[in-house]
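Have the viewer open and follow along.

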Amino acid sequence: MSAIQPIGSVQTVMLGVKDLNASVEFYTRVLGLTVKMQSPVLALLDAGQITLGLSPGHLRLAPQAAGATEVVFHVPSVRSAQKELAGRGVTVLSEPGQATATEWVAHFRDPDGHLLSLFGKE
């Protein structure tokens with residue numbers, strides 16, 4: 001029996017969005033990501049080691065979510081990042097709390113309701 005070849009690393013996470021321009025505005029102005037490429041039907045944002053894709057077409061491909069999905073953003077300080085986002089009008093779903101022995105987490109949503117979180121040191 002031969003060994004299974006790994007598929008590879010995650011390169012891009014795609015999110016279905018209702019209003020591409022509003023979502024790009026949120027991810028760039030509120031979260032500080034930069035646009036790598038944008039067309040009328042797709043935006044690709046620099047999210048560090050992966051690309052975050054925003055696409056209205058994905059809502060047609062998957063009109064009902066198959067399961068819970070969460071996009072996690074690493075930050076140096078969860079408390080500081082949460083305060084900064086709250087100052088930009090983001091409603092935090094959970095106050096920062098300890099997730100592991102050394103890492104903290106706080107949850108919020110984007111304009112389309114996707115679950116997002118901040119993860120890092122307190």
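Predicted model: local features only at pLDDT ≥ 70, side-chain atom pairs only at ≥ 80, totals over all residues.

**Strands and their partners**

Let us begin with the open sheet of four strands, whose order is β5-β8-β7-β6 and whose pairing is mixed. The edge positions belong to β5 and β6 (97-98); each has a single partner strand, so one side of each lacks a neighbour in the sheet. Within this sheet, β5 runs parallel to β8, and seven bridges join the two. To find this pairing in the viewer, look for V75, which stands opposite G120 in β8. The pairing of β7 with β8 is antiparallel and has six bridges. Here R109 has L115 in β8 as its bridge partner.

Another strand to look at is β4. It pairs with β1 (residues 12-16) in the parallel sense, over five bridges, and T12 finds its bridge partner in T51 of β4. With β3, β4 runs antiparallel, again through five bridges; A47 and I50 are bridge partners there. Is β4 buried or exposed? Five of its six residues are buried, so β4 is largely enclosed by the rest of the structure.

In soluble globular proteins, nonpolar side chains tend to be buried together. In this model, the largest nonpolar core has 25 residues, and Y27, L52 and L54 are those with the most contacts inside it. Two or more residues come from each of α1 (20-30), β3 (42-47), β4 (50-55), β5, α3, β7 (104-109) and β8 (115-121). The biggest contribution is that of α1, with five residues.

Leaving aside residues up to four places away in sequence, L52 touches V13, L15, Y27, L33, A43, L44, L45, A47 and F73.

Rolling a probe the size of a water molecule over the atoms shows where empty space is left. The second largest pocket has a volume of about 180 Å³. Which residues line the second largest pocket? They are V30, L31, L33, F73, H74, V75, A81, E84, L85, R88, F108 and L118. Both β5 (70-77) and α3 (78-87) supply at least two residues of this lining. By type, the lining divides into nine nonpolar residues, one polar and two charged.

Some of these names have come up before. L33 and F73 line the pocket and also touch L52, while V75 is part of the lining and stands opposite G120 in β8.

**A glutamine in helix α3**

Helix α3 also holds Q82. Why does Q82 count as buried? Its relative accessibility is 10%, and buried means under 20%, so Q82 falls within that class. Not counting residues up to four places away in sequence, the contacts of Q82 are V92, E95, P96, A106 and L118. One of these, L118, is also among the residues that line the second largest pocket.

Notes:
Residues numbered from 1 in each chain as written. Heavy atoms only, no water. 1 Å grid on protein atoms, 1.4 Å probe; cavity = no way out; pocket = protein on both sides within 12 Å on 5 of 7 lines; lining within 4 Å. Points joined across faces, edges and corners; volume = space filled by probe spheres on them. Nonpolar A, V, L, I, M, F, W, Y, C, P; charged D, E, K, R; others polar. Buried < 20%, exposed > 50% of the residue type's maximum accessible area, 1.4 Å probe, protein only. Contact = heavy atoms within 4.5 Å. Core = buried A, V, L, I, M, F, W, Y, C linked by side-chain atoms within 4.5 Å. Pairing = 2+ DSSP bridges.
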